[in-house]
Amino acid sequence: MAYKPSGYASPEYAAFELATTAQSSSSSYQYSIVMQTVGPHESIGGDIKLSMLRDNAHLSCIVCDGGVRDIDTVQTYNIPIYASSVTCKQGPATQIPWSVNEVVCLSGNVCCAPYDFVVADEHNVIIVPQKIVGKVIGIATLREKVEECIKLEIGEQSTNEKSLIPHLYPFPTPIDPLRNDKLVQMLKKHGEWESIKAMQNEIF
């Protein structure tokens, strides 16, 4: 790591340039900028700096453990931003040493390496290490399929019946037929057990 360079060599500008000039990948994934700061209220930028990323088709989001300034204007830039705060501080001069495209550790406990996967919705963001992304997606897909069956089963119950939820949820992954007999029987009833068993054999 080195002390802050100037101009386009400054790591935040270097990262913006990478995201701006990046070619869309064959898998159609976009790129995310993940930034580590020196504190939750230290600014990564405001209306001027972040305007460089306005309507960037290659950029999925910015994730940082610092703050963002001028949020009313920045919100018009069509950039999903996950930040620790909205701040009025001008941060870059205090954020040393600097680096770009290296491993960062957000808030001291979430690490992100270049080309890890960033998965987010309007409330949360997670980092998935690229080494295990296939397994994580497989487990998430499997669990979603099981949960859809549980919802169907619940929907078939009358309001006077004792709820089945404690027998079915939460459930472990992978699902063991010997320990989760009621859940397996329910999945068989909805014609999903064989496909879920095949998914488990592929994932684990």
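1. Helix 6 covers residues 193-203, and its buried residues are Trp 193, Ile 196, Met 199, Gln 200 and Ile 203. Viewed down the helix axis, these buried residues fall within an arc of 125°, so they line one face of helix 6. An α-helix has 3.6 residues a turn, so residues three or four places apart point the same way. The model is a predicted one.

2. The other side of helix 6 carries exposed residues: Glu 194, Asn 201 and Glu 202. The buried residues of helix 6, in turn, pack against helix 3 (133-156) and helix 5 (181-189).

3. The packing of helix 3 with helix 6 can be described by its geometry. The two helices meet at an angle of about 165°, and their axes are 10 Å apart. Angles over 145 degrees count as roughly antiparallel, and helix 3 and helix 6 are therefore roughly antiparallel to each other. Their crossing is left-handed. From helix 3, the contact is made by Lys 135, Gly 138, Ile 139, Thr 141, Leu 142, Lys 145 and Val 146. From helix 6, the residues taking part are Ser 195, Ile 196, Met 199, Gln 200 and Ile 203.

4. Gln 200 deserves a separate entry. This residue is in helix 6. Is Gln 200 buried or exposed? Gln 200 has a relative accessibility of 7%, and buried means under 20%, so Gln 200 counts as buried. Leaving aside neighbours within four places in sequence, Gln 200 is in contact with Leu 142, Pro 174, Ile 175 and Trp 193.

5. Helix 1 comprises residues 11-21. Its buried residues are Pro 11, Glu 12, Ala 14, Ala 15, Phe 16 and Ala 19. What covers these buried residues includes strand 1 (31-35) and strand 2 (59-64).

6. Ser 85 lies in strand 5, which spans residues 85-86. Its relative accessible area is 12%; the limit for a buried residue is under 20%, so Ser 85 is buried. Which backbone oxygen does the side chain of Ser 85 reach? That of Pro 40, at 2.6 Å. With neighbours within four places in sequence left aside, Ser 85 is in contact with Pro 40, His 41, Gly 66, Gly 67 and Val 68.

How values were computed
Residues are numbered from 1 along each chain as its sequence is written. This is a predicted model: local features need pLDDT of at least 70, side-chain atom pairs count only at pLDDT 80 or more; totals for chains, interfaces and linings use all residues. Side-chain values use heavy atoms; hydrogens and water are left out. Buried means under 20% relative accessible area, exposed over 50%, partly exposed in between (1.4 Å probe, protein chains only). Helices (H or I, at least four residues) and strands (E, at least two) are DSSP runs, numbered from the N terminus. Contact means heavy atoms within 4.5 Å. A polar contact is a pair of N or O atoms within 3.5 Å; within protein, one must be able to donate a hydrogen and the other to accept it, and residues adjacent in sequence count only if both atoms are side-chain atoms. The arc is that of the directions from the helix axis to the C-beta atoms. Axes are lines fitted to C-alpha atoms, for helices over the stretch in contact, and angles run from 0 to 180 degrees between N-to-C directions. Angles under 35 degrees count as roughly parallel, over 145 as roughly antiparallel, 65 to 115 as roughly perpendicular and the rest as oblique. A crossing is left-handed if the near helix is turned anticlockwise from the far one by less than a right angle, and right-handed if clockwise.
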